[in-house]
Number of protein chains: 2
Amino acid sequence: MKIGFIGLGIMGRPMAGRLMAGGHIAYLMSRSGVPHELTAAGGIACDSPKEVAHHAEIIFLMVPDTPDVEKVLFAEDGVEQGLAGGKVVVDMSTISPVATRAFARRIAAHNCEYLDAPVSGGDVGAKNATLTIMVGGPESAFNRVKPLFELMGKSVTLIGANGSGQVCKLANNIVVALNIEAVAEALVFAAKAGADPAKVRQALMGGFAGSRILEVHGERMLKRAFEPGFRVGLHQKDLNIALSVARELGVSLPNTATAQELFNACVARGGARWDHSSMVRALESLADFELGGHST
Amino acid sequence: MKIGFIGLGIMGRPMAGRLMAGGHIAYLMSRSGVPHELTAAGGIACDSPKEVAHHAEIIFLMVPDTPDVEKVLFAEDGVEQGLAGGKVVVDMSTISPVATRAFARRIAAHNCEYLDAPVSGGDVGAKNATLTIMVGGPESAFNRVKPLFELMGKSVTLIGANGSGQVCKLANNIVVALNIEAVAEALVFAAKAGADPAKVRQALMGGFAGSRILEVHGERMLKRAFEPGFRVGLHQKDLNIALSVARELGVSLPNTATAQELFNACVARGGARWDHSSMVRALESLADFELGGHST
């Protein structure tokens with residue numbers, strides 16, 4: 001199948017590689033140029049999103065934020081200008097579900113279908129094709145693209161209509177941020193109250209407090225392993241979308257708001273590129289204390 | 001071995017039963033009388049904590065709160081008055097770690113040892129002997145009591161000195177409360193943004209948002225299964241201890257404080273005996289919305 005892939009950064013690059021390894025012909029475009037490894041593997045570098053859309057049947061996007069998706073789709077020489085009836089546009093970026101619904105309508109006007117299909121699992125999941133892919137859009141388009149999703153991820157779920165893939169991803173990132181915050185409060189509390197936080201983490205692991213975050217990010221906090229992983233700045237962007245959508249909808253997210261403030265405090269200390277488990281540093285600074293030095 | 005067990009409520013009753021089934025002679029006492037099933041199984045009902053302590057070598061306590069433990073230990077006809085050198089007092093209640101350290105010192109003055117050994121796993125864990133037991137106190141006492149703990153629980157950990165069992169339990173209940181709050185924010189957000197919360201929960205389960213709470217309490221929220229389980233009123237008591245210890249230590253627990261406020265809102269609506277997963281109701285009322293009707 002002829003596919004297109006626009007946005008070949010830390011995520012898009014290995015994802016496009018997986019699709020090509022699956023035997024598909026790839027038309028590629030990236031703001032920062034197409035990596036040599038992909039052209040060497042037979043990928044065709046294009047000059048514009050329009051050109052990608054002209055050649056490809058299914059066009060994937062993996063770019064940072066809502067305005068980037070809008071630009072790739074609808075600016076001069078954008079995807080829209082290269083569309084013909086029957087193509088599918090698949091946005092795998094994490095962006096606003098409200099904007100997503102508007103984009104889907106504009107694409108549908110060209111007799112094309114649109115899927116929002118954000119992922120979780122990070123660059124490691126992208127490399128190993130173990131991403132979780134949360135999809136919103138028409139079932140017909142989902143069924144058509146599913147074999148391609150399965151080249152990139154291990155869990156692929158159609159959540160509902162357009163936008164609901166993005167809503168699911170935001171819900172995911174709310175839980176992840178708040179579970180990090182929970183583990184951080186508990187470990188700082190325990191350590192300051194005189195208990196060994198590594199032993200506390202170990203004791204909590206098997207019971208109701210157990211979570212992937214306690215396992216992975218709890219260990220990062222104790223080992224002070226704050227190289228990313230998932231960067232504070234990106235998680236902050238996602239919570240910003242969640243909080244602004246929540247405001248529009250009239251939903252109160254008190255702990256998401258606090259978690260965002262703690263991310264803001266990390267950024268104030270130069271931590272935009274730290275791993276998101278470094279949220280613990282903001283709580284430590286509030287307690288004038290540091291977990292440090294404990295390993296598991 | 002001759003053991004004592006004081007406090008035979010929803011937790012203490014099956015725990016004492018497990019110790020007796022392990023072949024130990026049990027001296028029993030409870031504010032509300034000794035259940036017939038335990039005397040029928042050979043348990044000896046006593047009139048006071050003093051009498052229990054006089055006969056038993058290891059004396060277990062399982063009562064609601066800090067003042068209850070203090071009364072059982074040190075009031076007229078309390079445990080202290082029945083002690084002789086070489087006995088061990090094991091408090092399995094969830095109470096203040098600060099008070100615990102003071103109680104341990106008073107017991108040590110009688111040449112006895114003290115363990116704080118709170119549990120998680122609820123009445124189901126007590127019945128099935130699958131409790132998680134978090135222990136603080138001298139290693140010598142821990143080793144002596146360990147075979148008895150293993151009759152009641154599947155995970156038994158010595159965290160550190162007296163008080164650290166309680167600190168670990170409070171850390172556990174902080175994480176549990178905040179993970180419940182996280183799942184509640186995410187599901188209310190997703191549902192109000194138009195995504196099916198049951199599908200969202202399913203999609204989140206395998207990834208970094210995965211937790212025991214998403215699994216068990218997430219399902220309770222969707223099925224509106226708010227019979228306890230673990231009651232709001234008890235979780236509220238534990239967070240109250242955590243927040244007041246944190247205040248003394250100079251630790252800031254912003255999301256624990258918010259979770260406690262949401263529990264307070266449940267209690268205001270008559271929910272002290274609802275399951276703690278009902279925290280979602282407080283968030284729903286803030287959004288003038290109800291998840292309802294969704295099953296998995």
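Contact here means heavy atoms within 4.5 Å. This is a predicted model, in which local features need pLDDT of at least 70 and side-chain atom pairs count only at pLDDT 80 or more, while totals for chains, interfaces and linings use all residues. Residues are numbered from 1 along each chain as its sequence is written, and side-chain values use heavy atoms, leaving out hydrogens and water.

**View 1. Where chain B meets chain A.** The contact draws 58 residues from chain B and 58 residues from chain A. Together the two chains bury about 5,000 Å², buried area being the accessible area (1.4 Å probe) lost when two parts are put together, summed over both. Carbon and sulfur atoms carry 68% of that buried area. On the chain B side, look for B:Phe189, B:Phe208 and B:Asn255: these lose the most area to chain A, together 16% of what that side buries.

**View 2. The fold of chain A.** Chain A has 14 helices and nine strands, counted as DSSP runs (helices H or I, at least four residues; strands E, at least two). Among its contacts between residues at least 6 apart in sequence, 67% join residues at least 24 apart. The C-alpha atoms fill a box of roughly 65 × 45 × 35 Å along the principal axes.

**View 3. Cover and charge in chain A.** Of its 296 residues, 59% count as buried, that is, under 20% relative accessible area (1.4 Å probe, protein chains only). Chain A carries 28 positive and 29 negative side chains; Lys and Arg count as positive, Asp and Glu as negative, with His and the chain ends not counted. The centres of the two sets lie 3 Å apart, each charge being placed at NZ of Lys, CZ of Arg, CG of Asp or CD of Glu.

Notes:
Chains lettered and ligands numbered in written order. Buried < 20%, exposed > 50% of the residue type's maximum accessible area, 1.4 Å probe, protein only.
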